Amino acid sequence: MKITLMKLARINLTPIIALVISLSSALFLFACSKESPAIVAPKKIPELASIQLQPQTTAQEIKYDGVIEAINQATVSAQTSGRILEIPVDVGDYVAKGDLIIRFTDTEQKARAASARAQFIEAQAQYTRMQEMLAKKLIAKADFDKSEAAFKSAEANSREAEQNLAYTAIYAPYAGIVVSRAVNVGETVAPGKALMTGLSLEQLRAQVDIPQQHIGPVRKYKKARIYLTDDKILDSGDLRIPPSADPQTHSFKVLVNLPEGDHQLFPGTFVKIGFVTGEQEQLLVPASAISKRGEVSGAYVIKEDALEFRQLNLGSLTSNKNYPVLAGAFAGEKIAADPIAAANAYKNLHTAGQ
């Protein structure tokens, strides 16, 4: 049955409206009765010591392989005759400068030294007497001259005999390693016989072949860096550059003297040598700020509202313990100076709310 507008107007809507309001209120109360989740504020980035990356002028270099050789390498020979009495060192032994390395029998040398010394004392006494007599004009000048000549001859003979006695004990001329030994205990040797060869590990140099197209900058700057296996770098400005190239290879044999000291390098081994060829602008990061995760090297970049770990492509370590940044960071960015503190802060930030 159709309800006309007139009849609809006569219907009382008050109860319906009240019902709708009641249902709306109930739904609102039900929604409010549920516990709303707490809103967790993001953790604030802690204060971290930082380094702002800025371009710096660094040396540009080219690297070559060099061969280590000893500056001091010598063979000691006998300077007197005698039988080998003692050899306290052998091949491979380290000897300090002044250590005894070979001793001869010295009976004959001692006897000659004692005789020459006695003759010298006698000639000296005679010379003194002749000086007094000449002063009193009791002898001719010719007699005095003969006495003086005898005195000087006896003095020379005594020094020579003492030196021959000293040659019966041979001492290391410098600290180093015994490379070879040519005699044994009991052998009789004559002057000139090779006895022992040694070299010093504290005075080394590297020999490097430089192509002719690169010798110009090397000759201009005369600065080199020796890269060791433990990330240590030795600087050297002591270069020996020949005036001409090898006619066969057209390269220059450059000698780079290493700083004195024991660098755990040995003659005959290869080492990387970097020669300064110019200057360039680079971003440098201290090695202490680098964090290594396996094969990945990076740093913690600090932003206004974030802290992130950034992988970096790094160049070779410089002598003052900095890494050139080849890729991964830009000038003006800030990185954490202490990677351990930054790693702890990074972990706390990313565990917030968990």
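Which strands each supply at least two residues of the lining of the largest cavity? Before we get to that, a word on what you're looking at. This is a predicted model, where local features need pLDDT of at least 70 and side-chain atom pairs count only at pLDDT 80 or more, while totals for chains, interfaces and linings use all residues. Residues are numbered from 1 along each chain as its sequence is written, and side-chain values use heavy atoms, with hydrogens and water left out.

Let's start with the whole protein. You'll find 6 helices and 22 strands in it; these are DSSP runs numbered from the N terminus, with helices being H or I of at least four residues and strands E of at least two. Of its 354 residues, 32% count as buried, meaning under 20% relative accessible area with a 1.4 Å probe and protein chains only. Take the contacts (heavy atoms within 4.5 Å) between residues at least 6 apart in sequence: 73% of them join residues at least 24 apart.

Now for a sheet you can trace by eye. Four strands form an open sheet in the order S7-S6-S4-S9, with antiparallel pairing; two strands pair if DSSP finds at least two bridges between them. Strand S7 (169-171) and strand S9 (188-189) stand at the edges with a single partner strand each, so one side of each has no neighbour in the sheet. Further in, S4 (residues 82-86) and S6 (residues 100-104) run antiparallel and are joined by 2 bridges. S6 is largely enclosed by the rest of the structure, because 4 of its 5 residues are buried.

Back to the opening question. The search of the whole structure turns up 1 cavity of 30 Å³ or more. On a 1 Å grid over the protein atoms alone, a cavity is a set of points where a 1.4 Å probe fits but cannot get out, a pocket is an open set with protein on both sides within 12 Å along at least five of seven lines, and lining residues have an atom within 4 Å of a point. The largest cavity has a volume of about 140 Å³, which is the space filled by probe spheres set on the points, with grid points joined across faces, edges and corners. The strands we asked about are S3 (73-77), S8 (176-181) and S10 (194-199), and S10 gives the most, with 4 residues. In total 15 residues line this cavity, and Val95, Ile101, Pro173, Thr197 and Gly198 lie nearest its centre. By class, the lining has 12 nonpolar residues, 3 polar and no charged; Ala, Val, Leu, Ile, Met, Phe, Trp, Tyr, Cys and Pro count as nonpolar, Asp, Glu, Lys and Arg as charged, and the others, Gly among them, as polar.

Last stop: the largest pocket, which holds about 310 Å³ of space. It is lined by 21 residues, with Ala59, Arg225, Gln282, Thr318 and Pro324 closest to its centre. Strands S2 (55-70), S12 (224-227), S16 (270-286) and S21 (322-327) give two or more residues each, and the largest share, 8 residues, comes from S2. This lining divides into 7 nonpolar, 11 polar and 3 charged residues.

Note on methods:
Buried means under 20% relative accessible area, exposed over 50%, partly exposed in between (1.4 Å probe, protein chains only).
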